[in-house]
Amino acid sequence: MSISREDIEKVAVLARIRVDDAQISALESDLGNILNLVDELSAADTENIEPLSHPLDAVQRLRADEVTETNRREAFQAIAPATEDGLYLVPRVIE
Amino acid sequence: MQWDIVIGLEIHVQLATKTKIFSGSSTAFGAGPNTQASAIDLAMPGTLPVPNEQAFRYAVMFGLAVDAEIGRRSVFDHKNYFYPDLPRGSQITQMDHPIVGPGFVDVDLADGRRKRVRIHHAHLEEDAGKSLHEDYHGMTGIDLNRAGTPLIEVVTEPDMTSAEEAVGFARKLHSLVTSLGICDGDMSQGSLRFDVNISLKPKGSDTLGTRTETKNLNSFRYMEQAIAHEVERQMDILEDGGQVVQETRLYNGERDESRSMRTKEEANDYRYFPCPDLLPVVIDDAFIQSARDLLPELPDDRKARFKEQYGLNDYDAGLLSADARLAAFFEETAKHGQDAKLAANWVLGEFSAWLNAEDKTVSEAPITGLQLGQLVARIADNTVSSSGAKKVFEALWNGDSDNADAVIESQGLKQVSDTGALEKMVDDVLAEMPDQVAQYQQEQDPKKQKKMLGGFMGPLMKASKGQGNPKLFNEILVRKLGG
């Protein structure tokens, strides 16, 4: 299976990764090879097999609805690039 | 050209749990920014989400209330998108195996029709944080207190064909989730948020048109306006021979205008994948039964009971039963007020008018059902006239007193119902007005006679310093003048 230049550009946008033109042809063959490898799985007969949502045959435990976390804002914001009035500041986003 | 309108809704309902869906952080409203955002809510590396049992219980209660099948095996997925108020870069949600399967809600319309709206499914997911775009030196401020608040997203089939049906459904859903107690229903705080999908097709056609989605409508009024606005916009495009673009739109209720937010084709590929940190959640019969045991009286049942138990008409019963808190307030009023219909009139009249005027919810009202009930009882037993009662109501509302009887006493609003005293006043007034008495007695038309009685009421109310019981005055007058 091959991957097109447009596919790579689209995935790069979705993943917010900058990919320059020089890298694209290398990625075309690298990602193409990976997809070929994954494609070999298609040879397996999966008819009548439910897709597995988790590899462990176990069931999720639930927790009681009780407050267990305390305010640790100061510790978290110590490693944030910019904060003010208790808010995290990020480059302006306008849709 | 004639068009059919096709509307489907997606509704985000914030669940009223004490803690978040995947962490033990409080969801209490009004805390300082980011003081209720734990390492899990911030999506710090190495943290492990653990689901909140109560969120599942609430979701199952909702499913039971809309006659839906409950997802016995509920699976979480990641939905990928980048936005600063979503720290993980993905939202944990449910795609193929939601907690609530197909169900339905019946909506009563103004013309008496009952419209069934099918629920496609409802799934559990986490809410995002909040972005504050103003005043941070050109930067955006992020508060993640809301991040991780449990939501159910309810998705309907495109069954609604008008704004009335869509808003009717929205109101019914609001009534359901507040009656269930699984959501506080405060739309101004975003506890319930509506996304409206709208498309048009030529009348009678089987082929659906291209739809748009108008997001985050947080009042019923804006929802109604936004639908009218979008239908108009699409109709203009189609009638000019154009094509509707599939896109997400934002509606500005204050200006009654909308703008495109993003087109769906472009970059909006969520690349769902199963959440590796969460195992499937299995809901067994015992869990469903325990949720069923918690189901309170639902609005339809309550409406039927109000008609039966209190003798209310369909309209009043519908208004009083829709909101669980208003319903409880009415029942408290009726219990202490002796006269249920009178209680209904006061709750829907004066009480609702004051709530509206001061933009308050029932739980914020400064008067209790007990207090209003005590006042209603005094109207019912003729202690106070209805105009006097309005003054008492105002005093109770303003906190001048917490007891109707005390206000009646202190403001001298007690009606004189002692018939002996009233008869004497009538005798005196009639003696001073011989001409009017003669006129009345010569009049043959009972309607005109009735009107003429009003001429005596003024002097009588004056004689009694406004405290005579008008009903009794009337009875005495008719008796004396007729005799």
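A crossover is right-handed if, with the strands pointing away from the viewer, the path from the first strand over the helix to the second runs clockwise. In the present model, which is predicted, strand 11, helix 3 and strand 12 of chain B make a β-α-β unit that is left-handed. The two strands of this unit, strand 11 (residues 212-217) and strand 12 (residues 247-252) of chain B, run parallel and are joined by 3 bridges. One pairing places Glu213(B) with Thr248(B), its bridge partner in strand 12 of chain B.

The helix of the unit, helix 3 of chain B, has 20 residues. From its first C-alpha to its last, helix 3 of chain B reaches 28 Å, close to the 28 Å expected at 1.5 Å a residue. Its buried residues are Tyr222(B), Met223(B), Ala226(B), Ile227(B), His229(B), Glu230(B) and Gln234(B). Just after helix 3 of chain B, a positive phi of about 80° is found at Gly241(B).

Met223(B) also belongs to the largest nonpolar core, a set of 62 residues. Together with Ala59(B), Phe62(B), Ala166(B) and Val196(B), Met223(B) is among the residues with the most contacts inside this core. Two or more core residues are given by each of the following elements of chain B: strand 1 (3-14), helix 1 (53-65), strand 5 (103-108), strand 6 (114-126), strand 9 (150-156), helix 2 (163-180), strand 10 (192-202) and helix 3 (220-239). The element that gives the most is helix 2 of chain B, with 9 residues. When neighbours within four places in sequence are left aside, Ala59(B) is in contact with Ile99(B), Val100(B), Ala122(B), Leu124(B) and Ile152(B). Another core, of 32 residues, lies apart from the largest one; its members include Ala324(B), Ala343(B), Phe351(B) and Phe393(B).

Between the chains, 33 residues of chain A are in contact with 43 residues of chain B. On the side of chain A that touches chain B, helix 1 (5-14), helix 3 (73-77) and strand 2 (87-91) of chain A each give two or more residues. Strand 2 of chain A provides the largest share, 5 residues. By residue type, this side of chain A divides into 17 nonpolar, 6 polar and 10 charged residues.

In strand 8 of chain B, Ile142(B) is the bridge partner of Tyr88(A), and Thr140(B) is the bridge partner of Val90(A).

Strand 3 (residues 77-80) of chain B is joined to strand 14 of chain B by 2 bridges. In this pair, Asp77(B) stands opposite Pro274(B) of strand 14 of chain B.

How values were computed: Residues numbered from 1 in each chain as written. Chains lettered and ligands numbered in written order. Predicted model: local features only at pLDDT ≥ 70, side-chain atom pairs only at ≥ 80, totals over all residues. Core = buried A, V, L, I, M, F, W, Y, C linked by C-beta atoms within 7 Å. Buried ≥ 20, exposed ≤ 12 C-beta atoms within 10 Å, placed from the backbone. Helix = DSSP H or I, 4+ residues; strand = E, 2+ residues; numbered from the N terminus. Contact = placed C-beta atoms within 7 Å. Pairing = 2+ DSSP bridges. Nonpolar A, V, L, I, M, F, W, Y, C, P; charged D, E, K, R; others polar. Expected span 1.5 Å × (residues − 1).
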